[in-house]
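Hi,

Here is the structure I promised to pass on to you. Please have a look, and then read my notes below.

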Amino acid sequence: YRLNNDATVCFIASETMPFCHSCSRLRLDSKGVLRSCLMSEEGLSLRNISSQDYSQIISRVVAMKPMTRIENIAQPMYQIGG
(Lines give C-alpha, C1' and ligand atoms only; values in the text may rest on other atoms or scores of the structure.)
Protein backbone atom coordinates (compact mmCIF):
# COMPACT_ATOMS: atom_id res chain seq x y z
CA TYR A 1 0.00 0.00 0.00
CA ARG A 2 1.33 3.42 -0.89
CA LEU A 3 0.63 6.24 1.58
CA ASN A 4 0.08 9.93 0.82
CA ASN A 5 3.71 10.73 1.74
CA ASP A 6 4.85 8.18 -0.89
CA ALA A 7 5.90 5.64 1.77
CA THR A 8 5.07 1.99 1.13
CA VAL A 9 3.56 -0.28 3.78
CA CYS A 10 3.60 -4.03 3.23
CA PHE A 11 2.14 -6.92 5.20
CA ILE A 12 3.56 -10.41 5.24
CA ALA A 13 0.74 -12.84 4.52
CA SER A 14 2.55 -16.08 5.31
CA GLU A 15 -0.58 -17.70 6.71
CA THR A 16 -2.64 -17.28 3.55
CA MET A 17 0.15 -17.00 0.96
CA PRO A 18 3.26 -18.93 2.09
CA PHE A 19 6.46 -17.67 0.45
CA CYS A 20 9.09 -19.78 2.23
CA HIS A 21 10.46 -21.26 -1.01
CA SER A 22 11.42 -17.80 -2.27
CA CYS A 23 12.27 -16.01 1.00
CA SER A 24 15.64 -14.26 1.05
CA ARG A 25 15.40 -12.86 4.58
CA LEU A 26 17.62 -13.63 7.53
CA ARG A 27 16.77 -12.76 11.13
CA LEU A 28 19.13 -11.47 13.81
CA ASP A 29 17.74 -12.36 17.24
CA SER A 30 18.14 -10.49 20.51
CA LYS A 31 21.13 -12.63 21.55
CA GLY A 32 23.16 -11.99 18.39
CA VAL A 33 22.27 -15.24 16.63
CA LEU A 34 21.71 -14.96 12.89
CA ARG A 35 18.85 -17.27 11.92
CA SER A 36 17.81 -18.55 8.53
CA CYS A 37 14.13 -18.12 9.34
CA LEU A 38 12.00 -16.37 11.94
CA MET A 39 10.49 -19.74 12.86
CA SER A 40 13.74 -21.72 12.92
CA GLU A 41 15.72 -22.26 16.09
CA GLU A 42 18.87 -22.93 14.03
CA GLY A 43 21.41 -20.19 13.55
CA LEU A 44 24.96 -19.03 14.20
CA SER A 45 26.13 -16.44 16.69
CA LEU A 46 27.71 -13.26 15.40
CA ARG A 47 29.08 -12.36 18.82
CA ASN A 48 32.86 -12.12 19.00
CA ILE A 49 33.11 -12.84 15.26
CA SER A 50 35.49 -10.82 13.12
CA SER A 51 33.78 -8.82 10.37
CA GLN A 52 36.07 -10.70 7.96
CA ASP A 53 34.20 -13.90 8.89
CA TYR A 54 30.71 -12.50 8.28
CA SER A 55 30.44 -13.70 4.68
CA GLN A 56 31.25 -17.28 5.71
CA ILE A 57 28.71 -17.16 8.56
CA ILE A 58 26.03 -15.67 6.29
CA SER A 59 26.64 -18.37 3.67
CA ARG A 60 26.27 -21.08 6.30
CA VAL A 61 23.05 -19.57 7.64
CA VAL A 62 21.59 -19.18 4.14
CA ALA A 63 22.28 -22.90 3.59
CA MET A 64 20.05 -23.60 6.65
CA LYS A 65 17.00 -21.90 5.10
CA PRO A 66 13.90 -24.11 5.11
CA MET A 67 12.04 -24.58 1.84
CA THR A 68 8.67 -25.12 3.51
CA ARG A 69 6.83 -23.34 6.28
CA ILE A 70 7.74 -24.16 9.88
CA GLU A 71 4.51 -24.23 11.88
CA ASN A 72 5.68 -23.11 15.33
CA ILE A 73 8.63 -22.34 17.54
CA ALA A 74 9.03 -22.69 21.30
CA GLN A 75 10.92 -19.41 21.74
CA PRO A 76 8.79 -16.27 22.35
CA MET A 77 8.67 -13.79 19.46
CA TYR A 78 10.08 -10.93 21.59
CA GLN A 79 13.33 -12.91 21.94
CA ILE A 80 13.53 -13.57 18.22
CA GLY A 81 12.78 -10.07 17.01
CA GLY A 82 9.45 -10.86 15.36
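**The salt bridge**

D29 and R35 form a salt bridge, with 3.4 Å between their closest N and O atoms. The term stands for a side-chain nitrogen of Lys or Arg within 4 Å of a carboxyl oxygen of Asp or Glu. By this rule the count is one salt bridge. Both D29 and R35 are buried, where buried means under 20% relative accessible area, exposed means over 50%, and partly exposed is in between (1.4 Å probe, protein chains only).

Before you go further, please note that this is a predicted model, in which local features need pLDDT of at least 70 and side-chain atom pairs count only at pLDDT 80 or more, while totals for chains, interfaces and linings use all residues. Residues are numbered from 1 along each chain as its sequence is written, and side-chain values use heavy atoms, with hydrogens and water left out.

Three strands make an open sheet in the order 1-2-3, with antiparallel pairing. Strand 1 (27-28) and strand 3 (43-45) are at the edges with a single partner strand each, so one side of each has no neighbour in the sheet. Strands (E, at least two residues) and helices (H or I, at least four) are DSSP runs, numbered from the N terminus, and two strands pair if DSSP finds at least two bridges between them. Strand 1 pairs with strand 2 (residues 33-35) in the antiparallel sense, over two bridges. L28 has L34 in strand 2 as its bridge partner.

**The surface patch**

Y54, I58 and V62 make a nonpolar surface patch of about 240 Å². Patch residues have over 30% relative accessible area and no salt bridge; like charges are joined within 9 Å, and nonpolar side chains (Val, Leu, Ile, Met, Phe, Trp, Tyr) within 5 Å. The accessible areas come from the Shrake-Rupley method with a 1.4 Å probe, and for residues only the protein chains shown count as cover. V62 sits in helix 1 (residues 54-63) and counts as partly exposed, at 42% relative accessibility.

**Positive phi angles**

D6 is not a glycine, yet has a positive phi of about 75 degrees. You will find D6 in the segment before strand 1, exposed with a relative accessible area of 53%. N48, also a residue other than glycine, has a positive phi near 60 degrees. N48 is in the loop between strand 3 and helix 1 and is exposed, with a relative accessible area of 82%.

Best wishes
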